[in-house]
Amino acid sequence: MSTLNYTKYMEGMKQAVVVSLWFMFLTFPIMVIRVNTIENIIEWRWMNMLYIGAGSFILSFVWRKMSGRGISARKESIGAQGGRKFYLQRLVSEKRLSLPALGIVAVIALFFPFVSSIYQTNIMTTALMYVVLGLGLNIVVGQAGLLNLGYVAFYAAGAYTYALLYHHFGVGFWLALPLGALAATVLGVLLALPVLRLQGDYLAIVTLGFGEITRLVLENWNEFSYGPSGISGIPRPGLFGMEMDMHEATVYLYFLMILLCIITIFVVNRLQDSRIGRALLALREDEIACQAMGINKTMVKLTAFALGSTWAGLVGVIFAAKTTFVNPASFTFLESAMILSIVVLGGTGSIIGIIIGALLLILLPEYLRAFGDYRMLLFGIIMVIMMIFRPQGIVTGVRKTYEFHTEEK
Amino acid sequence: MNPILEAKNLSMNFGGLKALDRVDIDVLPGQITALIGPNGAGKTTFFNCITGIYSPTGGDIFITPSGGGRKKITGINIHKVTENGVARTFQNIRIFPDMTVLENVMIGRHCRTEAGVLGAILRDKGTMTEEKAIVARSYEILKKIGITEHVNLLARNLPYGAQRRLEIARALATDPFLLLLDEPAAGMNPQETRDLEALIISIRDEWEISVFLIEHDMRLVMGLSDSVYVMDYGEMLARGTPQEIRQNPEVIKAYLGEDVSA
């Protein structure tokens, strides 16, 4: 046993040495050689090579140890649905634990805006917006398995619907809300029609292109969308014509978002265990078998895109009302990537997971502002680590179980 | 007796390859019909043409459901074929691995139910009654198939033999009048094969669903079938009862090569 461990250990050492040698070789031109243009000499910084070598050796060694453990952990978790559960998973699936947890969350959500500053309430409102966006995208990506990288286009559709309707016709927030959702849904169906035959990577590429095209159109079609300068002066949502100051308006928007979140969770949850929800899952699992079970693939795909983009439209309208200003810069590919990250990190197909994912991904960077430029780097590292150690996300979706009373047994 | 499934002159070309060459097949109601042939003979291609996965390059397919008239189903969509009452299983198991066993069967009820998005959100009375009926019927089918202990298990965790039975259960949930089984006994042990044989017979006799199967297990085919078709190189070689097929020199040649007949 101990000799086996020893050989394994040596094997790891050997590989780590190889890795560090490679790194020293690859980084040689940039880390060691330096041309000093002032004195016209070349400096050789051999110490840097040593640092690189030692650093990459240690990292590689630790990495190997950890990823070995990660793989074995993943093997265990394959037999999920029963068996060993992640503690968050237990919190979700056991009523005894989940009800008090839900109560605590509700209390926190209720009092949050009264004990924190406008700044923090604003951040939380943004996070809640991403919760809804994540849940919406989850219908397309997590449930129907259609990788959509242009989700931001529907978000933009909602925002611009409100902005333009207000600008031209003076339409208010509450009328714009359903119209924005409708615009996004229509756009979703329009996108779905040409991509019906595409799967996997090809679908991802086309939707990516679609997102970028939408942004470029908004940027360049000055007569329609007022170009890069965007549309400003969009009113915040009203409440029976009441005058609200900055703080009140922020709190009001926060509760509006809480309400929308609850509605979203309610609807998405009900969809999940319905005939339509199951059809979406079947489409994700096996397209041919799904059709062979009598499911109209075209209809299901259109439904998935329509259902997913509706939420983006709703949030888009709220976004426009929150910032009182829209321009194309808010709807870059990075937004789509962010929302997708929320879904993947949280756990595709799991409502709780996505809520946690959205809160983590939106709130953490805000509170990590001290790290400044390294934020995105940290973000990337977290994503890579997640993919290695927990590819199914923070919380995996658990399927509904049914009870039967068997008389004969 | 009018056939419930007819293939007339059915041809399927992939580029220059004739996977099916003017094939005629009749499937009679209340029977178990088998389609046999060496590997690559075009059996699965034939199934794929019937179920709409391929659009045949020539010929026609007709169905005659027990209650309805004769209907042409050549080249219609996959889901339309199932809606019309022809269900199938696959050579390589194609269950939905990350859904529960019961949900797999519930998917089969999709084309016989109609709750939409609004119903799912509002959970009105009609939707809930329908949902309950779906669960009840699915469970009933699973009970008949003999998978009652693992209804809430993810389908991927079922043992191999049970996964094959689940696929049959799922196909039965679509209320077919004809069930196409593509190598249902592949990879099964002798005991599982015997259970499968009993199941297929009960599908014919108790469920009153005609069965059309592709199979390599000759003992199973000969013991089970009412009539057998033999295919080779995309052409129909012979048809007849198991006895006739067993003695047909051409069939023996196709299976065992030239020298045996000499």
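Predicted model: local features only at pLDDT ≥ 70, side-chain atom pairs only at ≥ 80, totals over all residues.
1. **Layout of chain A.** Let me start with the overall division. Chain A falls into domain 1, covering residues 2–77, and domain 2, covering residues 88–389. Between the C-alpha centres of domain 1 of chain A and domain 2 of chain A the distance is 40 Å.

2. **Helix α4 of chain A.** This helix covers residues 95–115, which makes 21 residues. From its first C-alpha to its last, α4(A) reaches 30 Å, close to the 30 Å expected at 1.5 Å a residue. Do look at Ala109(A), though: α4(A) has a kink of about 30 degrees there, shortly before the proline Pro113(A). Pro113(A) is also one of the buried residues of α4(A), and the others are Ser98(A) and Phe112(A).

3. **Helix α5 of chain A.** The 26 residues of α5(A), 118–143, should span 38 Å at 1.5 Å a residue, and the end C-alpha atoms are 36 Å apart, which agrees. A kink of about 40 degrees in α5(A) is centred on Leu137(A). With burial counted as under 20% relative accessible area, 21 of the 26 residues of α5(A) are buried, so this helix is largely enclosed by the rest of the structure. After α5(A) comes Gly145(A), which has a positive phi near 70 degrees.

4. **The four-stranded sheet of chain B.** Turning to chain B, you will find an open sheet of four strands in the order β2-β1-β4-β5, with antiparallel pairing. Its edge strands are β2 (17–27) and β5 (71–72) of chain B, each of which pairs on one side only. Two bridges connect β5(B) with β4(B), residues 58–63, in the antiparallel sense. Across this pair, Ile63(B) stands opposite Lys71(B) of β5(B).

5. **The six-stranded sheet of chain B.** There is also an open sheet of six strands, ordered β6-β7-β8-β3-β9-β10 in chain B, and its pairing is mixed. Here the edge strands are β6 (86–88) and β10 of chain B, each pairing on one side only. From one strand to the next, the twist averages 20 degrees.

6. **Strand β3 of chain B.** Five of the five residues of β3(B), 32–36, are buried. One side carries Ile32(B), Ala34(B) and Ile36(B), the other Thr33(B) and Leu35(B), and all are buried. In the parallel sense, β3(B) pairs over four bridges with β8(B), residues 210–214, and Thr33(B) stands opposite Phe212(B) in that strand. Four bridges also join β3(B) to β9(B), residues 227–232, again running parallel. In that pairing Leu35(B) stands opposite Tyr229(B).

7. Five bridges pair β9(B) with β10(B), residues 235–240, in the antiparallel sense, and Tyr229(B) stands opposite Arg239(B) of β10(B). Two residues separate the strands of this hairpin, where Tyr233(B) takes a positive phi near 45 degrees.

8. **The β6 side of the sheet.** Strand β6(B) runs parallel to β7(B), residues 178–182, and three bridges join them. The bridge partner of Ala87(B) in β7(B) is Leu179(B). Helix α6(B), residues 160–172, packs on the sheet and touches β6 and β7 of chain B, its direction making about 155 degrees with that of β7(B).

9. **Helix α1 of chain B.** Which strands does α1(B), residues 43–50, lie across in the four-stranded sheet? They are β1 (5–14), β2 and β4 of chain B, and the helix runs at about 115 degrees to β1(B). In the six-stranded sheet, α1(B) lies across β3, β6, β7, β8 and β9 of chain B, at about 140 degrees to β8(B).

Methods
Residues numbered from 1 in each chain as written. Chains lettered and ligands numbered in written order. Heavy atoms only, no water. Pairing = 2+ DSSP bridges. Contact = heavy atoms within 4.5 Å. Axes fitted to C-alpha atoms, helices over the stretch in contact; angles between N-to-C directions. Domains from an automatic or database assignment. Expected span 1.5 Å × (residues − 1). Bend = angle between axes of the 7 residues up to and from the residue. Buried < 20%, exposed > 50% of the residue type's maximum accessible area, 1.4 Å probe, protein only.
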